[in-house]
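These are my notes on a structure that I had not examined before. I record what I looked up, in the order in which I looked it up.

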Amino acid sequence: MLTVRLDPELEARLDELAEATGRSKSHYVRQALEEFLEDRADYLLAISLLEKNDPTTSLDELRRELGI
């Protein structure tokens with residue numbers, strides 16, 4: 001169980017969305033948190049790969065190699 005305090009404007013927007021779609025506020029908070037955590041994991045993975053300083057290939061180089 002988790003309690004989250006929202007500023008009134010954000011809570012009003014969430015209330016409007018939930019009412020307009022017939023979904024619960026919890027549904028949208030859960031969905032937003034899942035997307036944030038997935039994006040954050042992707043970001044941290046990208047940073048760790050960049051820190052390895054492995055050779056990279058630009059998109060233009062890759063296109064030339066593939067002939068597209």
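I began with secondary structure, where helices (H or I, at least four residues) and strands (E, at least two) are DSSP runs, numbered from the N terminus. By that rule I counted three helices and zero strands in the protein. Read along the sequence, the pattern is α-α-α.

I noted the basis of these entries: the model is predicted, local features need pLDDT of at least 70, side-chain atom pairs count only at pLDDT 80 or more, and totals for chains, interfaces and linings use all residues. Residues are numbered from 1 along each chain as its sequence is written, and side-chain values use heavy atoms, with hydrogens and water left out.

**Overall form**

I looked up the extent of the protein next. Its C-alpha atoms fill a box of roughly 50 × 30 × 20 Å along the principal axes. The radius of gyration, taken over C-alpha atoms, is compared with a globule rule of 2.2 Å times the number of residues to the power 0.38. I found 20 Å for the protein, whereas a compact globule of 68 residues would have a value near 11 Å.

I then turned to burial (buried means under 20% relative accessible area, exposed over 50%, partly exposed in between; 1.4 Å probe, protein chains only). Of the 68 residues, 4% count as buried. Accessible areas come from the Shrake-Rupley method with a 1.4 Å probe, and for residues only the protein chains shown count as cover. The protein exposes about 6,600 Å², of which carbon and sulfur atoms supply 54%.

**Charges and salt bridges**

For charge, I counted Lys and Arg as positive and Asp and Glu as negative, leaving out His and the chain ends. The place of a charge is NZ of Lys, CZ of Arg, CG of Asp or CD of Glu. The protein has 9 positive and 16 negative side chains, and the centres of the two sets lie 2 Å apart.

How many salt bridges does a search of the whole structure find? It finds two, a salt bridge being a side-chain nitrogen of Lys or Arg within 4 Å of a carboxyl oxygen of Asp or Glu.

I examined the pair Lys25 and Glu11, whose closest N and O atoms are 3.6 Å apart. Lys25 lies in helix 2 (residues 25-51) and Glu11 in helix 1, so this pair ties together parts that are 14 residues apart in sequence.

Lys25 also meets Asp15 in a salt bridge, at 3.1 Å from N to O. Asp15 lies in helix 1 and Lys25 in helix 2, so parts 10 residues apart in sequence are tied together by the pair. Salt bridges that share partners join Glu11, Asp15 and Lys25 into one network.

I checked accessibility as well: Lys25 is partly exposed because its relative accessibility is 34%. Asp15 is partly exposed at 33%, and Glu11 is partly exposed at 33%.

**Surface patches**

Patches are made of residues with over 30% relative accessible area and no salt bridge; like charges are joined within 9 Å, nonpolar side chains (Val, Leu, Ile, Met, Phe, Trp, Tyr) within 5 Å. I found Glu34, Glu35, Glu38, Asp39 and Asp42 gathered in a patch of negative charge on the surface. Asp39 lies in helix 2.

I also noted a nonpolar surface patch formed by Leu2, Val4, Leu6 and Leu10, with about 350 Å² of accessible area together. Leu10 belongs to helix 1 (residues 8-21), and it counts as partly exposed because its relative accessibility is 38%.
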